[in-house]
Every structure is written in structure tokens, then in C-alpha cells.
Amino acid sequence: MRLILLGPPGAGKGTQAIFLKKEFHFTHVNTGEILREEYAKKTELGIQAAQYWLKGNLTPQRILLQIFEKHLPQDNFILDGFPRTLSQARWLAKKRTIDKAIYITSQEKLIIQRLLKRAKLEGRKDDTLAVIKKRLHVYKNRTKPLLHYYKKNLIRINGDQSIPDVSNEIVKKLQ
Ligand code: AMP
């Protein structure tokens with residue numbers, strides 16, 4: 001199966017991707033994580049990409065695809081953080097057929113609380129209140145239109161539930 005995860009930052013995509021990976025043995029590709037690793041390794045592309053994501057902006061496609069392309073598995077994968085724009089979705093459609101898009105929704109108030117809590121635990125540089133607000137704004141403008149793009153394959157999940165309840169809802173709706 002070839003899955004993508006959609007939803008605002010802080011909706012719980014990463015947590016559910018890790019669950020799905022364990023449950024169904026998918027390869028989990030986390031684009032944000034790949035960008036952070038590339039930055040930590042101080043590669044030229046990693047440093048270029050960070051100029052954008054550190055401020056909450058999307059990394060431009062020409063930089064992002066050079067980093068991402070080699071991480072795209074053939075089959076049995078879950079993409080977490082890609083695609084994030086219509087043009088990325090069109091690029092992906094030429095490479096792979098996507099079976100399902102799992103859309104995890106959540107209330108904005110809850111999202112901000114979660115991300116600020118994560119900031120304390122993980123110390124991610126882009127989890128400050130100003131950058132979180134920017135990321136939510138970018139999500140609404142650039143990524144939300146993908147819900148329409150994937151409407152035939154969309155599974156809608158209520159992300160305001162407990163983590164196990166969200167996982168159960170995903171498993172039920174995937175079957
Ligand atoms: P995430 O860990 O998924 O929240 O991603 C962290 C940041 O990396 C995002 O706020 C974006 O700036 C950048 N990023 C991740 N995935 C993409 C993508 N598909 N296209 C452009 N930028 C991305």
C-alpha cells in the first residue's frame with residue numbers, strides 16, 4: 001500500500017506514522033526529519049533548505065526534490081510531510097500511484113498547545129509561537145488544497161481523540 005498523511009502541523013501525523021510503520025511494516029518517510037538531518041550534516045542543500053524551514057516557510061521545490069527524491073520508496077510506504085503543495089502532488093503522481101491519503105484534522109487551539117509542549121520536550125527550532133503561526137498559515141494556503149486533489153482517496157480522521165483512538169480509527173478506515 002502507498003499512503004500519504006495530510007493535516008496541519010501538530011495534528012499527530014508523525015505519531016500515527018510511527019504506529020502504522022510498526023503495525024503494517026511500512027517504510028516511513030518523514031520529510032521534515034530528512035531536512036533536519038540534512039541540516040545537521042551541514043550539506044550544502046541542507047543549509048539552503050534550512051533558510052526556509054527555520055522561518056516556517058516551505059522549502060522551495062527545486063531544493064526539496066533534490067533531497068527528497070532519493071528517499072522515495074517503490075512500494076509499501078507512508079509519506080509524512082510530502083506532498084505539501086499541488087505541484088509536489090503532481091510530481092508524485094507521475095512517480096507513484098497513491099492508494100490512500102489519511103487526513104488528520106485537529107482544532108487550532110489544541111495544535112498550538114501540542115506544538116508548544118513539544119518545543120519544551122524536543123527543542124525543535126521551528127516550534128516557537130511565531131513560527132508555529134506561520135506554519136499554520138502556510139498549511140492553510142499551500143497544503144489544504146490537497147484535500148480536494150486527493151478527494152477520491154481521502155480518509156478523514158478526528159485528531160482530537162486520544163492517540164490510541166486515532167490509531168484505531170485509521171486502522172478501521174483503512175480496511
Ligand atoms: P515537519 O517536521 O513535517 O513539521 O516539517 C518541518 C518543516 O520542513 C516544514 O515547516 C517545512 O518548512 C519543511 N518541509 C517539510 N516537508 C516539506 C515539503 N514537502 N515541502 C516543503 N517544505 C517542507
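**Ligand contacts and selected residues**

Biologist: Which residue has a polar backbone atom 2.7 Å from an oxygen atom of the ligand?

Modeller: This is a predicted model, in which local features need pLDDT of at least 70 and side-chain atom pairs count only at pLDDT 80 or more, whereas totals for chains, interfaces and linings use all residues. Residues are numbered from 1 along each chain as its sequence is written, and side-chain values use heavy atoms, with hydrogens and water left out. The backbone atom at 2.7 Å from the ligand oxygen belongs to Asn 57.

Biologist: How many residues surround the ligand?

Modeller: A residue is near a molecule or strand if one of its heavy atoms lies within 4 Å of it. The closest to the ligand are Arg 36, Asn 57, Gly 81, Arg 84 and Gln 88. By class, the shell has five nonpolar, six polar and five charged residues; nonpolar covers Ala, Val, Leu, Ile, Met, Phe, Trp, Tyr, Cys and Pro, charged covers Asp, Glu, Lys and Arg, and the others, Gly among them, are polar. The number of surrounding residues is 16.

Biologist: Which helix gives the most to the shell around the ligand?

Modeller: Helices (H or I, at least four residues) and strands (E, at least two) are DSSP runs, numbered from the N terminus. The helix in question spans residues 31-40 and supplies four residues to the shell. That helix is H2.

Biologist: Does Arg 124 count as buried or exposed?

Modeller: Arg 124 is in the loop between helix H6 (108-122) and helix H7 (129-143). Its side chain makes a polar contact (a pair of N or O atoms within 3.5 Å; within protein, one must be able to donate a hydrogen and the other to accept it, and residues adjacent in sequence count only if both atoms are side-chain atoms) with the side chain of Asp 126, at 2.9 Å. Buried means under 20% relative accessible area, exposed over 50%, and partly exposed in between (1.4 Å probe, protein chains only). Because its relative accessibility is 19%, Arg 124 counts as buried.

Biologist: Is Glu 44 buried or exposed?

Modeller: Glu 44 belongs to helix H3 (residues 44-53). Because its relative accessibility is 65%, Glu 44 counts as exposed.

Biologist: What is the relative accessible area of His 25?

Modeller: His 25 is in the loop between helix H1 (13-24) and strand E2 (27-30). Although His 25 is not a glycine, it has a positive phi of about 60°. His 25 is exposed because its relative accessible area is 66%.

Biologist: What is the relative accessible area of Asn 76?

Modeller: Asn 76 lies in the loop between helix H4 (61-68) and E3. Asn 76 is not a glycine, yet it has a positive phi of about 55°. Asn 76 is partly exposed because its relative accessible area is 36%.

Biologist: How far apart in space are the C-alpha atoms of His 71 and Val 29?

Modeller: His 71 is in the loop between H4 and E3, and it is partly exposed, with a relative accessible area of 30%. In sequence, His 71 and Val 29 are 42 residues apart. Their C-alpha to C-alpha separation in space is 7.1 Å.
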